[in-house]
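Here is a walk through one protein model, side chain by side chain. Keep the viewer open as you read.

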Amino acid sequence: FPVTIPGSVSQGRREYMKLLDILEAHTEYYSANFTIDLLGFIPQGEQALFARIKALKAAGLDILYYDYFIDVKQFDIELYKSDIILSNILIDDGKGMQTKETAAVYHMIRGAKPGIFPAGFTLDEDFKDTVVYFETYPVLHNVFVELQENRSRVQTLKAAAMQVPSIVTGK
C-alpha cells in the first residue's frame, strides 16, 4: 500500500517526528503492508530526521527518501505510484495550518489521488469523498490499519479522486 508525502522533509513545516514515532512503534506492521515515500528533499539541517528514517529502512520498512533535489520527472513517476497522499502538517504549530498546506492539495488534484489530512483542515466540497481525516497522530495508525484492511474503501476514494481534476478545472 503506497503512501506519499509530497514536499520538503522538514520538521519545521510538517510533523515528521510523530509520524516516525508511529512507524517505529509498528515497524513490523508497516514493513509488511506499506511503502512510505517521503517525496521531497531532506535538507542538511534535518539530520535527526534523516537518522531515524535510515534506521527505519535498516529495520525493514519500505521507506523511500531523497537526500538530493528530485526533478519533476522523477517526482511525477513516484507520485503516480501512490495510492494515497498524506498531509502531515503540524497540527499544534500555532501558525495557522489552513494556510500552510498547499502541496498535498495541489498534488491530490495533479495526481488524481485521495488524501489523509488532520481533522480541522478544511477542504473544498469537491474533495469530500476523497479525504480521510485523523484527530491526532496516534490515531493516524488506526486510519492506516483501517485503509489496509478495507481496500475497497481505498478504491472508492481513488475513484472519487479521479473526478476531482475535471471538477476543479471545469473540464
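**A histidine and a set of rings**

His 107 counts as buried, with a relative accessibility of 11%. The cut-off for buried is under 20% relative accessible area, so His 107 qualifies at 11%. The model is a predicted one.

Find His 107 in helix α6, residues 103–111. Its side chain makes a polar contact with the side chain of Arg 110, at 3.4 Å. Now set aside the neighbours within four places in sequence. His 107 is then in contact with Pro 6, Phe 75, Leu 79, Ile 85 and Ala 112.

Turn next to the aromatic rings. The structure holds 10 aromatic pairs. One of them joins Phe 34 and Phe 144. Their centres are 5.4 Å apart, with 65° between the planes, and the pair is edge-to-face. What does this pair tie together? Phe 34 lies in the loop between α2 (27–33) and β2 (35–41), while Phe 144 lies in helix α7 (residues 137–149), so the pair links parts that are 110 residues apart in sequence. Phe 34 is buried, at a relative accessible area of 2%. Phe 144 is buried too, at 1%.

A second example is Phe 134 with Tyr 137. Their ring centres lie 5.0 Å apart and their planes meet at 65°, so this pair is edge-to-face. Both Phe 134 and Tyr 137 are buried.

Go back to Phe 34 and Phe 144. Together with Phe 1, Tyr 29 and Tyr 30, they form one aromatic cluster.

Note on methods: Residues are numbered from 1 along each chain as its sequence is written. This is a predicted model: local features need pLDDT of at least 70, side-chain atom pairs count only at pLDDT 80 or more; totals for chains, interfaces and linings use all residues. Side-chain values use heavy atoms; hydrogens and water are left out. Rings of Phe, Tyr and Trp (its six-membered ring) pair if their centres lie within 6.5 Å; planes under 30 degrees apart count as stacked, over 60 as edge-to-face and the rest as tilted. Helices (H or I, at least four residues) and strands (E, at least two) are DSSP runs, numbered from the N terminus. Buried means under 20% relative accessible area, exposed over 50%, partly exposed in between (1.4 Å probe, protein chains only). A polar contact is a pair of N or O atoms within 3.5 Å; within protein, one must be able to donate a hydrogen and the other to accept it, and residues adjacent in sequence count only if both atoms are side-chain atoms. Contact means heavy atoms within 4.5 Å.
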